[in-house]
Amino acid sequence: MEKFPVISLEKVNGEERKTILEQIKDACENWGFFELVNHGIPHELLDTVERMTKEHYRKCMEQRFKELVASKGLDAVQAEVNDMDWESTFHLRHLPASNISELPDLDDEYRKVMKEFSQKLEKLAEEVLDLLCENLGLEKGYLKKAFYGSKCPNFGTKVSNYPPCPKPDLIKGLRAHTDAGGIILLFQDDKVSGLQLLKDGQWIDVPPVRHSIVINLGDQLEVITNGKYKSVLHRVIAQTDGTRMSIASFYNPGSDAVIYPAPNLVEKEAEEKNQVYPKFVFEDYMKLYTTVKFQAKEPRFEAMKEVEAAVKLG
């Protein structure tokens, strides 16, 4: 069994840069996922984020989740549930405008910590995008610019908790899907596992590593690289013991960003065989994605090709 890629960024600006870039390239081409350690986000901040997120869940969300489960009879299901996930979530928006001050139930210290955490993650996302540019032979800043649109990228965080589930064989923590956006940075529980990705027809655990940030590639990077890198199906398996914390931050294109394959990455052969990914406005893709998130991604790309043919963007 191949080992899940865990990559240290500690010496990325030193003599090990070439080796680290090669590890990232392999992970992008063969996994669509990798785990970063020594990424520059202080461990103390990560510990504080984890402690406060778990406290907030216990104080503000746990009872609500139990009431929801009881109201829908989910603790006694006898058949597989395909229209719900066993998760308790809330969403933070950072760019283009933050909603952190507007969310109820968050105490001021937690707001402050999550704001600081999001700024560190935004910086890390842009660093990783530039490492991908270097591997792809694109100029530095190409991917950030591609995501920018007229204002800035969309950047937000989904804070999830996956409580103990009595019937994990019948209800998923989160059903299998690929992510619609650009690059995803996940800070996950280091004790309770559950995240899996599909590789070569098999579900593989993403190992919980303390203080790591898991990176995965979204659909937009598949389009920009014309399939050189691919977004990968992943899911969360609910556990019978322990509540799993998951804080996923999505660095996505701006709503009006026009997404299309980087010309340098479209090989002549692909053009001749009409194997070129579509060109579209990110917001249009998201409108489609929200209705078919848990279905295969290929029809989404085909639907965008049809739109492109109809309107001939640019």
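**Buried rings and the core**

Mentor: Trp86 has 3% relative accessibility, so Trp86 counts as buried (under 20% relative accessible area; exposed is over 50%, partly exposed in between, with a 1.4 Å probe and protein chains only). This is a predicted model, in which local features need pLDDT of at least 70, side-chain atom pairs count only at pLDDT 80 or more, and totals for chains, interfaces and linings use all residues. Residues are numbered from 1 along each chain as its sequence is written, and side-chain values use heavy atoms, with hydrogens and water left out.

Trainee: How are the rings of Phe65 and Trp86 arranged?

Mentor: Rings of Phe, Tyr and Trp (its six-membered ring) pair if their centres lie within 6.5 Å; planes under 30 degrees apart count as stacked, over 60 as edge-to-face and the rest as tilted. The centres of Phe65 and Trp86 are 5.2 Å apart and their planes stand at 85°, so the arrangement is edge-to-face.

Trainee: Is Phe117 buried or exposed?

Mentor: The value to compare with the cut-off is relative accessibility, which for Phe117 is 1%. Phe117 therefore counts as buried.

Trainee: Which residues touch the most other members of the largest nonpolar core?

Mentor: A nonpolar core is a set of buried Ala, Val, Leu, Ile, Met, Phe, Trp, Tyr and Cys residues joined through side-chain atoms within 4.5 Å. The largest one has 81 residues, and those touching the most other members are Phe117 and Leu132.
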